[in-house]
Number of protein chains: 2
Amino acid sequence: MSLRRVLGLGLGLGRALGRRSYCSKSPLPPDFVEALRAVVGTPNVSTAMAVREQHGHDESMHVCAPPDAVVWPHAVGQVQELAALCYRYRVPMVPFGTGTGLEGGVNAVQGGVCFDLSHMDTIMELSLEDFSVSVEPGVTRKALNSYLRGTGLWFPVDPGADASLCGMAATGASGTNAVRYGTMRPNVLNLRVVLPDGRLLHTAGAGRQPRKRAAGYDLTSLFVGSEGTLGFLTLATLRLHPLPEATAAATTAFPTVQAAVDCTVQVLQAAVPVARIEFLDEVMADACGRFSNMELPVAPTLLLELHGSRHSLAEQQQQTEDIVRLNGGSSLAWAEELEERERLWAMRHRAWYSALALRPGCQGYSTDVCVPISRLPDVVVETKRDLQDSGLTGPMVGHVGDGNFHCILVFNTQDKDEAERVHAFTERLGRRALAAGGTCTGEHGVGLGKRALLLEELGQEGLDTLRSIKAALDPCNLMNPGKVL
Amino acid sequence: MSLRRVLGLGLGLGRALGRRSYCSKSPLPPDFVEALRAVVGTPNVSTAMAVREQHGHDESMHVCAPPDAVVWPHAVGQVQELAALCYRYRVPMVPFGTGTGLEGGVNAVQGGVCFDLSHMDTIMELSLEDFSVSVEPGVTRKALNSYLRGTGLWFPVDPGADASLCGMAATGASGTNAVRYGTMRPNVLNLRVVLPDGRLLHTAGAGRQPRKRAAGYDLTSLFVGSEGTLGFLTLATLRLHPLPEATAAATTAFPTVQAAVDCTVQVLQAAVPVARIEFLDEVMADACGRFSNMELPVAPTLLLELHGSRHSLAEQQQQTEDIVRLNGGSSLAWAEELEERERLWAMRHRAWYSALALRPGCQGYSTDVCVPISRLPDVVVETKRDLQDSGLTGPMVGHVGDGNFHCILVFNTQDKDEAERVHAFTERLGRRALAAGGTCTGEHGVGLGKRALLLEELGQEGLDTLRSIKAALDPCNLMNPGKVL
């Protein structure tokens with residue numbers, strides 16, 4: 001079971017509806033595939049339909065769009081040569097990490113060559129003094145944290161899936177720990193990028209990793225969240241964090257959504273350095289409790305985690321308890337031992353399956369919006385009303401400290417009417433977030449599905465500016481074409 | 001006395017040498033100035049030489065380059081109209097905030113119109129729940145923090161100068177608190193930008209302020225640190241932080257630079273959430289102690305500040321004391337009351353004048369580099385040797401938690417040979433930082449003086465990428481031309 005699903009970010013509408021495949025418009029030039037083979041060797045190029053289909057989708061609702069060929073480079077020089085080749089032949093290029101995206105980012109909607117970067121999986125340049133490490137695109141976040149075991153450091157960004165770290169950089173991922181440790185953006189110090197024509201760019205200069213810079217436009221932040229549309233991320237230098245000495249987690253139930261959000265705001269205002277603060281609506285709390293055999297009241301619920309020294313942890317717990325009580329929350333039973341905490345988070349991580357169990361035989365689809373936290377209660381309440389009016393099942397989970405939440409829609413994919421209602425609901429949810437001063441995506445990215453919403457979010461000037469940057473860096477529109485813009 | 005100077009970021013080489021003025025190559029078209037007046041009214045346009053000269057320099061070493069005219073818009077619509085006018089006439093535009101920059105960012109090296117934005121000084125949209133506020137470009141960081149008094153929130157980024165917050169965003173400023181609260185970049189949520197042709201862009205969409213977004217390229221981070229070369233920042237939505245309940249500060253002296261840096265690294269590794277950790281070399285410690293009549297050993301010194309609840313502060317103090325002792329630091333006498341702490345920081349803030357007092361009658365010039373912290377001891381020791389070999393006086397201060405430090409060069413500007421040695425030394429210092437995997441500027445920006453170093457830092461591909469972005473967003477090269485690139 002993948003953590004991604006558990007976080008409610010699993011299989012989507014398209015696959016559920018029986019994935020169909022698009023075909024690329026024109027076949028690859030005859031000598032082109034031979035040229036690819038000359039670069040990486042015959043076993044590292046495939047045009048087999050099964051392989052192409054495997055690389056033509058992520059875990060989202062979008063219909064499979066297989067590339068015309070898949071290549072497995074083993075070194076950055078090969079990525080450069082392959083890119084130069086594609087550039088020369090004007091063949092689209094699609095970077096592929098673990099395929100765990102949620103907005104169709106890897107679907108090769110204009111065909112072309114998929115670069116599967118999973119064989120480049122070296123971890124290098126670990127510096128404990130500088131709190132930094134560099135990872136190739138095949139390195140996943142769990143692999144990195146295993147590697148770091150015993151060093152006292154870790155990489156905290158956790159989107160649920162065991163995604164590749166370069167893929168997480170490409171989509172601007174975040175997750176449960178972002179409220180304390182930030183999203184990918186502030187945790188990437190440098191990126192080695194292969195540009196569409198094969199040139200090599202180091203966003204902060206080759207081999208550099210100062211903790212801060214004021215030298216020119218911030219190319220690192222530009223490539224973080226670019227969703228493969230500007231170049232290949234072939235090495236990411238990441239900022240590491242000290243492991244907390246002690247950790248405690250607990251759940252607490254509230255009379256209303258407003259009370260749960262008020263509690264969150266007050267915890268943040270009190271400068272309690274909360275590491276995770278997750279919201280479950282009463283439907284999700286009920287589903288999770290039942291699925292994991294835990295006693296969880298059917299009520300808006302917060303699941304909190306605190307990190308600190310033993311001493312400061314006790315104080316954080318006390319402050320949190322006081323604020324929870326003030327807002328009518330139920331008393332907190334702290335899980336401090338690893339096993340207890342794991343049990344609690346396993347429950348949260350099974351949210352996806354807990355939701356699916358509400359309607360056996362149905363499929364799930366996860367939305368993603370983010371609003372200013374002051375607007376969260378209204379948006380959640382309106383969304384619940386919308387679900388009811390639409391006759392849909394959609395328990396909610398959210399990274400409430402950031403105002404980011406997901407609805408896990410559980411529906412019968414054979415029922416076309418219901419599938420259409422799901423689609424219409426997700427569009428309305430995106431627009432509701434925009435109307436509340438939020439964004440149509442807090443962490444999943446734009447990919448294929450949110451391009452129309454992106455225009456509404458940024459306005460014409462905003463989109464024109466994105467387009468001019470895209471045109472400047474990828475003038476032939478070869479990098480992951482059809483995404484974001 | 002400005003805080004900027006105190007931080008060692010004061011008057012520089014050019015002014016010291018007797019500022020000369022450049023002239024714009026071609027005079028403004030005759031009907032153009034009339035058109036400017038039609039937009040903002042006659043009193044808000046000036047072509048008087050005194051006014052132009054006043055706007056032709058910041059506090060750096062660079063020779064004054066006055067604009068051909070200065071305008072004072074009072075509303076964003078006027079900025080748009082003025083920009084559209086300049087665009088139509090192909091006249092360069094230079095944004096001007098408080099003029100407290102340190103790399104010649106406002107010097108109108110190609111003439112044109114200086115937009116003095118100080119009359120747009122509204123603070124709006126304060127949300128205590130969302131920890132956010134929006135400020136026009138005339139609002140300084142001190143004005144904002146005065147406005148926030150009593151709310152329990154503050155804006156911690158502190159470069160020393162009472163700079164405008166939009167100007168701080170434009171240069172990607174940071175300062176003493178960055179080790180805990182980050183630089184400007186993660187603290188800007190949205191920017192309202194007037195593009196070179198007068199169009200209005202909201203980098204995160206109009207009226208939006210989610211804490212995180214994954215919707216398209218990160219335009220906010222692109223404009224932070226763009227040094228006025230891509231557009232006018234006319235409103236910044238900022239992220240606020242809760243005020244700490246308790247604060248304590250102390251100094252401690254070490255036997256070597258290495259010991260002071262080791263101590264810093266261990267404090268960070270122990271996850272002590274240190275708010276400020278400032279380094280003074282023995283020359284600076286001596287100068288500061290004497291200038292402020294405080295007993296400070298002539299030794300590499302750290303000046304620390306801790307923020308927390310009363311309870312957690314005591315623990316942070318204990319942890320810090322243990323680590324200091326382990327590294328041979330002198331025992332810490334904590335200043336906890338406001339008055340005591342202010343006395344300590346006043347000493348640090350007088351570093352600029354303390355340095356100048358080493359050679360009465362001489363002038364000062366502050367450098368700025370940032371290196372990975374593991375390389376800091378070597379770089380500091382090499383730099384001290386270089387100072388000695390060059391026969392220069394240059395006490396050092398640094399934001400050591402970020403690996404960022406400044407040399408305050410105190411020299412006789414009438415002595416051409418010494419001025420040349422200062423120039424050669426600063427070039428070598430920049431290259432030394434680059435050789436150590438660092439950056440030529442941690443917080444002052446590139447401006448006029450570090451363009452050659454920027455090429456060395458980013459390489460040709462990096463600079464070409466910056467240039468292509470500049471060309472895409474400012475195709476006629478009208479926004480602050482001659483800077484950064």
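Predicted model: local features only at pLDDT ≥ 70, side-chain atom pairs only at ≥ 80, totals over all residues.
1. H16(B) covers residues 416-435 and H17(B) covers residues 451-473; their axes lie 10 Å apart, at an angle of about 15°. Angles under 35 degrees count as roughly parallel, and H16(B) and H17(B) are therefore roughly parallel to each other. If you check the handedness of this crossing, you'll find that H16(B) passes H17(B) in a right-handed way.

2. Who touches whom in that pair? On the H16(B) side, look for Glu427(B), Gly430(B), Arg431(B) and Leu434(B); on the H17(B) side, their partners are Leu453(B), Glu456(B) and Glu457(B). Sorted by class, this contact between H16(B) and H17(B) has 4 charged residues, 2 nonpolar and 1 polar.

3. H17 also turns up where the two chains meet. The axes of H17(A), residues 451-473 of chain A, and H17(B) come within 9 Å and cross at roughly 140°. That makes H17(A) and H17(B) oblique to each other, and their crossing is right-handed.

4. To find this contact on screen, pick out Thr465(A), Ser468(A), Ile469(A), Ala472(A) and Leu473(A) in H17(A), then Thr465(B), Ser468(B), Ile469(B), Ala472(B) and Leu473(B) in H17(B). The residues where H17(A) meets H17(B) split into 6 nonpolar and 4 polar, with no charged ones.

5. Now zoom out to the whole interface. How many residues of each chain are in contact with the other chain? The count is 87 in chain A and 87 in chain B. The size of an interface is often given as the accessible area lost when the parts come together. Here, the area buried between chain A and chain B is about 6,500 Å², with carbon and sulfur atoms giving 58% of that. On the chain A side, the residues that lose the most area to chain B are Arg208(A), Lys212(A) and Tyr217(A), together 14% of what that side buries.

6. A handy example to display is Asp218(A) with Arg185(B), a salt bridge whose closest N and O atoms are 3.1 Å apart.

7. Over all chains, the salt bridge count comes to 50. Within chain A, Asp281(A) forms one with Lys384(A), the closest N and O atoms being 2.7 Å apart. This pair links distant parts of the chain, 103 residues apart: Asp281(A) sits in the loop between strand E13 (274-280) and helix H11 (282-291), while Lys384(A) belongs to helix H15 (residues 376-390).

Definitions and conventions
Residues numbered from 1 in each chain as written. Chains lettered and ligands numbered in written order. Heavy atoms only, no water. Axes fitted to C-alpha atoms, helices over the stretch in contact; angles between N-to-C directions. Helix = DSSP H or I, 4+ residues; strand = E, 2+ residues; numbered from the N terminus. Parallel < 35°, antiparallel > 145°, perpendicular 65-115°, else oblique. Left-handed = near helix turned anticlockwise from the far one by under 90°. Contact = heavy atoms within 4.5 Å. Nonpolar A, V, L, I, M, F, W, Y, C, P; charged D, E, K, R; others polar. Buried area = accessible area lost by both parts, 1.4 Å probe. Salt bridge = Lys/Arg side-chain N within 4 Å of Asp/Glu carboxyl O.
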